[in-house]
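Subject: Structure handover

Hello,

Here is the structure I said I would pass on.

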Amino acid sequence: MKVIVTAGGTGGHIYPALGLIEEIKKDKNSDVLYIGTKNRMESKLVPEKGIKYVGIEMYGLTKNIFKDIKDIYCIMSAYKKCKKIMKEFKPDYVIGFGGYVTFPVLLAAHKLGIKTAIHEQNKLPGKTNKYLSKITDITFSSFTDDNHVFKNKVVLSGNPCAQKAIEAKAHDKTKLGFSKNKKLIIIVMGSLGSEIVNKRIKEYLVNFDRTDSEILFITGNASFEMFKDVKVPLTVKVIPYYNDLSGLLKVSDLVISRAGASTISELLALDKPSVLIPSPYVANNHQYYNALDLKEKGLCYMLEQKELNEENLKQAVDYCFKNQDVMIDLLKKQKKPNASTIIVEEMKK
């Protein structure tokens, strides 16, 4: 099977795409080509993994009419380039995981009569995927499409990042200096971290006094300097980055994080209670709706950034530990589809 995968811009789009590629490549006769942008994170990340890569010049539309004229020209040029690529590569299937780069790729595939699909990671889809569902064959979704926003066939697949989390090897937390007999709280706000959130939880860390728990706070590389001289209790460890977060999540008891789709998929896959702090700065406020979906099912504690302070965070952690057994039981009852396997099987059909 020959497949073109496209995704761009953020890890929330790129990492699920990479998860699917790993599954496709289990078939030694498969051939995968990744189409992304020339200048976003995928342009470096994907080739480093030994995956065939083609970069196209693409930019998101703005409200600046002069800039958008150039961007529309880029879309038209990218569309023509994608048709040429596909005539040469001859894919059996083309699938997009989000980001504006997916638009010309999937439009070209549709015009050439190639089977197509999109994967939506968030509860509330963006404009690109809403439109693309009108011209693609299938939408693979991480959440149930309660409001029927997609116009094509919808398959509840889950997120490929979840399958990768399940397959990850659990780490030994004692090698990081944590006690085998105490609960481990992991606080992480993404690879770069969040300066606003980090400032607001500083007092919580400084005054942390739970005797039954320890904290690993992953600041993100951009925010580590802020904490270098902050004195915290011995039960709190502060590091800038951790390479294999999935393996670490497996031995945690509570996770405090943003509500990005990939993070949520891992928490659900591993049955981990969480305090979710949605980022208010993302498109369509989709993290809020991701977290709200979990909150309404009793799977997490949602704390909005505007409400975040030491007292409210302490209350959230106390609530999660008090109701830990109930939350874990509800998490275990959730369906855990093997997303990559489901997608590949559907593509083969």
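This is a predicted model: local features need pLDDT of at least 70, side-chain atom pairs count only at pLDDT 80 or more; totals for chains, interfaces and linings use all residues.

Residues are numbered from 1 along each chain as its sequence is written, and side-chain values use heavy atoms, with hydrogens and water left out.

The seven-stranded sheet

Helices (H or I, at least four residues) and strands (E, at least two) are DSSP runs, numbered from the N terminus. Two strands pair if DSSP finds at least two bridges between them. Seven strands form an open sheet with parallel pairing, in the order β3-β2-β1-β4-β5-β6-β7. Its edge strands, β3 and β7 (153–156), each pair on one side only. From one strand to the next, the twist averages 25°; axes are lines fitted to C-alpha atoms, for helices over the stretch in contact, and angles run from 0 to 180 degrees between N-to-C directions.

Strand β2 (residues 31–37) has six of its seven residues buried, where buried means under 20% relative accessible area, exposed over 50%, and partly exposed in between (1.4 Å probe, protein chains only). Strand β1 (residues 2–6) runs parallel to β2 and is joined to β2 by five bridges. Strand β3 (residues 52–56) also runs parallel to β2, with five bridges between them. Ile35 in β2 stands opposite Thr6, and its bridge partner in β3 is Val54.

Two β-α-β units involve β2. One is made of β1, helix α1 (residues 11–24) and β2, and is right-handed. The other, also right-handed, is made of β2, helix α2 (residues 42–48) and β3. Right-handed means that, with the strands pointing away from the viewer, the path from the first strand over the helix to the second runs clockwise.

Elsewhere in this sheet, strand β6 (residues 138–141) and β7 pair in the parallel sense over four bridges. Ser141 has Leu156 in β7 as its bridge partner.

The six-stranded sheet

An open sheet of six strands has parallel pairing and the order β10-β9-β8-β11-β12-β13. β10 (236–239) and β13 (301–302) stand at the edges with a single partner strand each, so one side of each is left without a neighbour in the sheet. Helix α11 (residues 310–322) packs on this sheet and touches β8 (183–188), β9 (213–218), β11, β12 and β13; contact means heavy atoms within 4.5 Å. The direction of α11 makes about 145° with that of β11.

Strands β11 (residues 254–257) and β12 (residues 274–276) pair in the parallel sense over three bridges. The bridge partner of Ile256 in β12 is Val275.

Rings and charges

The structure holds six aromatic pairs. Rings of Phe, Tyr and Trp (its six-membered ring) pair if their centres lie within 6.5 Å; planes under 30 degrees apart count as stacked, over 60 as edge-to-face and the rest as tilted. The rings of Phe103 and Tyr131 have centres 5.7 Å apart and planes at 50°, so this pair is tilted. Another pair, Tyr288 and Tyr289, has ring centres 5.2 Å apart and planes at 90°, so it is edge-to-face.

Lys202 lies over the face of Phe227, at 5.6 Å from the ring centre. A charge sits over a ring if NZ of Lys or CZ of Arg is within 6 Å of the ring centre and within 35 degrees of the ring normal.

Regards
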